[in-house]
Amino acid sequence: MNITSSAAWQAIETHRQSLSSAPLRQLFADDPDRVAALSLSFEGILFDFSKQRMASNTLPLLLALTGEARLAEATTRMFSGEKINVSEDRAVLHTALRRSGAPFPSAAFDVMGEVLPTRQRMADFADRIRSGQALGFTGQAIRNVVNIGIGGSDLGPKMLGYALRSIAHPALGVHYVSNLDGAQLAPLLQTLDPRTTLFLVASKTFTTQETMLNAQTARDWLVANLGDAAAVAQHFAALTAKPERAVAFGIRQESVFPLWDWVGGRFSLWSAVGLALMIAIGPQAFGELLAGAERMDEHFRNTPFERNLPVVMALIGIWNTNFLGATTNAVLPYNESLKYFPSFLQQLEMESNGKSVGIDGKSLTYATNPIVWGELGNNGQHAFFQLLHQGGRLVPCDFIAAVRSDFPLPGHQEALLANCFAQSAALAFGKTADEARRELGRSLSGAALEELLPHKVFVGNQPSSTLLLSQLDPQTLGALVALYEHKVFVQGVIWGLNSFDQWGVELGKAVASSILPAFADASLAEALDASTRGLLAYSRQHLA
Ligand code: F6P
């Protein structure tokens, strides 16, 4: 059934029409209990969604969608290891990667027998590097680790590595290389000593062009500098679901760490793909990260939907997208250490739910995932916030901040938080013409005042949620990431699509492989379109 023809959907649409003239100012004035009613908390996380354009009876109406979409059954199917990723015929069990023990998802189909020993091997490997026991080909201790991977094999560990750098090993350098552009790898190699560098080749498929080319270049560099191909054994490890390909690349079996087809790339940071992160922060902190995510998994599975953070967050997104017509969602961390969180979320959300075909293969008749974008909030204030305040577009925002600083400096943290809170308040409540006139009246009058007045008015009513974390520790961050993962799952279920495949990225890869040979053999360009032929001709001219 098309969810938009359900009674629940129709009731929300009717409600939206009745609410359309009530701005956030009025909603706050009408309900003194609004903040208590429209906020939730989970351990170290406060989720305040009182500044969403919702009345007190909006959420109950939205909750009815979970029944229409059979969310409870879908959740049970995911956690029980059913192959809910139907187009790839795979189970979706990234939640197993953060479990502390016991057979999962069932005694009959238990993946923990592979998960726990792999986690232990990762910990042993990480400890040996952290303690300086792991030696390179020339007998010197490893001092720099380079994770070569892209997409899900890069963004999660990189994001969390930066978020947790206050607890990272002080003497180890951990670097991330993803881009095909040599401008990322080449300057990094110039700073590294091959005798003390370890490369982790992170690729679920071990075929991704970017990763394979960077890994090959890194290997050539290592062998050229150490003068012996045998050096590869001590300087490369692989994180992959295709161990045989890693071994064929020259990586020794004991340095290959597996993941499995039931772990999606963008959900893989909890697996061996997190090894660079584990090396940076240590196995114990990595374990705390997993524990935080596991706590969120349990919250998601066991909490009534009206108090369930991922469910409520998902419904807010659906309200903004499908009923208010928002086409984007801004992610605005007020914390330098969350710099990479927006790009991590871009993959998690847009690769999962950026689809217009339902799980049944039929075209969807309604909007799905908004465009997720974002930047550090404080920097954004002095760049693009102008548009959020006065550009006239609906842009729902996620403000994210940590109360306690991970790098405290006198006076900084209160000022940072004040800016975070001020921006969401200013976006929500704006400034009326009367208020602006009163303010301007202190220094202007007459025509000069009236001329300036329209520029000083802020319409407000821009919706936002604020996620306030007690601090950026591994456990809280684990819960935060799992919160967004489950939000994505819930939205996918309600939109009736498969959140766990990504066929949309394939066409570009295939086209690139048909263009590449035309650089070497111009005759191959004839089969290509006119624009590509022109771009190739110009490039060949300048490459020559
Ligand atoms: O091209 C998209 C994608 O398949 C992502 O889903 C994935 O995270 C990324 O490429 C990297 O894939 P792999 O880990 O197999 O190299």
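At 15% relative accessibility, Asn461 counts as buried, where buried means under 20% relative accessible area, exposed over 50% and partly exposed in between, with a 1.4 Å probe and protein chains only. Before going on, a word on the ground rules: this is a predicted model, so local features need pLDDT of at least 70 and side-chain atom pairs count only at pLDDT 80 or more, while totals for chains, interfaces and linings use all residues. Residues are numbered from 1 along each chain as its sequence is written, and side-chain values use heavy atoms, leaving out hydrogens and water.

Back to Asn461: its phi is positive, about 65 degrees, although it is not a glycine. You'll find Asn461 in the loop between helix 20 (446-452) and strand 11 (464-469); helices here are DSSP runs of H or I with at least four residues, strands are runs of E with at least two, and both are numbered from the N terminus.

Now for the ligand. It is surrounded by 14 residues, the closest being Ser153, Ser203, Thr205, Thr208 and Glu351; to be near, a residue needs a heavy atom within 4 Å. Sorted by class, that shell holds 2 nonpolar, 9 polar and 3 charged residues. (Ala, Val, Leu, Ile, Met, Phe, Trp, Tyr, Cys and Pro count as nonpolar, Asp, Glu, Lys and Arg as charged, and the others, Gly among them, as polar.)

Look at the oxygen atoms of the ligand. A polar side-chain atom of Ser203 lies 2.6 Å from one of them, and a polar side-chain atom of Thr205 lies 2.6 Å from an oxygen atom of the ligand too. Gly152 brings in its backbone, with an N or O atom 2.7 Å from a ligand oxygen. Taken alone, the ligand exposes 390 Å², and the protein buries 87% of that (Shrake-Rupley areas, 1.4 Å probe).

Ser271 lies between strand 7 (256-258) and helix 12 (275-281), and is buried at a relative accessible area of 2%. A polar atom of the Ser271 side chain lies 2.6 Å from the backbone oxygen of Ser268. Finally, the peptide bond from Phe104 to Pro105 is cis, with omega near 0 degrees, and Pro105 is in the loop between helix 5 (71-79) and helix 6 (112-130).

Technical notes
A polar contact is a pair of N or O atoms within 3.5 Å; within protein, one must be able to donate a hydrogen and the other to accept it, and residues adjacent in sequence count only if both atoms are side-chain atoms.
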